[in-house]
Amino acid sequence: MQDPDCVFCKIVAGKIPAKVLLQNERAVAFLDAFPLAAGHTLVIPHSHYAKVQDMDRQDAMAVFEIAWKVAGAVEAGSDVRATTIAIHNGREAGQEIPHMHMHIVPRKGGDGAGPIHLMFKQRPKLASQEMDALRDKIAGGLS
Ligand SMILES: [Zn+2]
């Protein structure tokens, strides 16, 4: 399943070169061509899925297996002791390329990026009953 206009599908197909770190039969990790920090890595499924929940189980497992294997090496190879691992899961969340991709960004103290909590200037204050209602609504959608 590929989209001929998708830059990540083109990387998977070998039509655009990428600095590949690791690959399995369903997913690949490569250096982001526009890194936020030296060593910024992307992990993508070979198949074109827009969002995390669109992946089939095997592809989801394959993506995380690659992330599991590569995260420590990204830290060691980038001379850092931490990474931020993030997925922008949909346009409103900041996803620019609609092919699911996981960012592994090397982090240093004082790099100015902070925790993802700083993305949210206003946080909701939810009462326990509202949390219960949300839990029920979300859990009701699980199959
Ligand atoms: Zn794609």
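Trainee: What joins β4 to β5?

Mentor: These strands are joined by 5 bridges and run antiparallel. Two strands pair if DSSP finds at least two bridges between them, so the 5 bridges between β4 and β5 qualify them as a pair. In this pair, Ile85 has Ile104 of β5 as its bridge partner. Before we continue, please note that this is a predicted model, in which local features need pLDDT of at least 70 and side-chain atom pairs count only at pLDDT 80 or more, while totals for chains, interfaces and linings use all residues. Residues are numbered from 1 along each chain as its sequence is written, and side-chain values use heavy atoms, with hydrogens and water left out.

Trainee: How many helices and strands does the protein chain have, and what pattern does the protein chain follow along the sequence?

Mentor: The protein chain has 3 helices and 5 strands. Both kinds of element are DSSP runs, numbered from the N terminus: helices are H or I with at least four residues, and strands are E with at least two. Along the sequence the pattern is α-β-β-β-α-β-β-α.

Trainee: What is the order of the strands in the open sheet?

Mentor: The order is β1-β2-β3-β5-β4, and the pairing is antiparallel. Strands of a sheet pair through backbone hydrogen bonds, either parallel or antiparallel.

Trainee: Why are β1 and β4 called edge strands?

Mentor: The strands β1 (20-23) and β4 (82-86) each pair on one side only. On average, neighbouring strands of this sheet are turned by 20° against each other, direction ignored.

Trainee: What sense does the pairing of β2 and β3 have, and over how many bridges?

Mentor: Strand β2 (residues 27-31) pairs with strand β3 (residues 41-45) in the antiparallel sense over 5 bridges. Ala27 stands opposite Pro45 in β3, and Ala29 has Val43 as its bridge partner in β3. Strand β3 is also joined to β5 by 3 bridges, again antiparallel, with Val43 standing opposite Met102 in β5.

Trainee: Which strands does helix α2 touch?

Mentor: Helix α2 (residues 57-77) packs on the sheet and touches β1, β2, β3, β4 and β5 (102-107). Here a contact means heavy atoms within 4.5 Å. The direction of α2 makes about 165° with that of β3; axes are lines fitted to C-alpha atoms, for helices over the stretch in contact, and angles run from 0 to 180 degrees between N-to-C directions.

Trainee: Why does Ser47 count as buried?

Mentor: Buried means under 20% relative accessible area, exposed over 50%, and partly exposed in between, with a 1.4 Å probe and protein chains only. Ser47 has 17% relative accessibility, so it counts as buried. Ser47 is located in the loop between β3 and α2. Not counting residues up to four places away in sequence, Ser47 touches Met1, Gln2, Asp59 and His99.

Trainee: Is Leu42 buried or exposed?

Mentor: Leu42 has a relative accessible area of 3%, and is therefore buried. Leu42 lies in strand β3. Residues up to four places away in sequence aside, its contacts include Phe8, Val28, Phe30 and His103.

Trainee: What makes β2 largely enclosed by the rest of the structure?

Mentor: Of the 5 residues of β2, 4 are buried, so the strand is largely enclosed. Strand β5 is mostly covered, with 6 of its 6 residues buried. Met102, Ile104 and Pro106 point one way from β5, whereas His103, Val105 and Arg107 point the other way. In a regular strand the side chains alternate between the two faces of the sheet.

Trainee: Why does Asp79 count as exposed?

Mentor: The relative accessibility of Asp79 is 67%, which is over the 50% limit, so Asp79 is exposed. Asp79 lies in the loop between α2 and β4. Its phi is near 55°, a positive value in a residue other than glycine. Most residues other than glycine have a negative phi, and most peptide bonds are trans.

Trainee: What percentage of the residues in the protein chain is buried?

Mentor: Buried residues make up 30% of the 143 residues in the protein chain.
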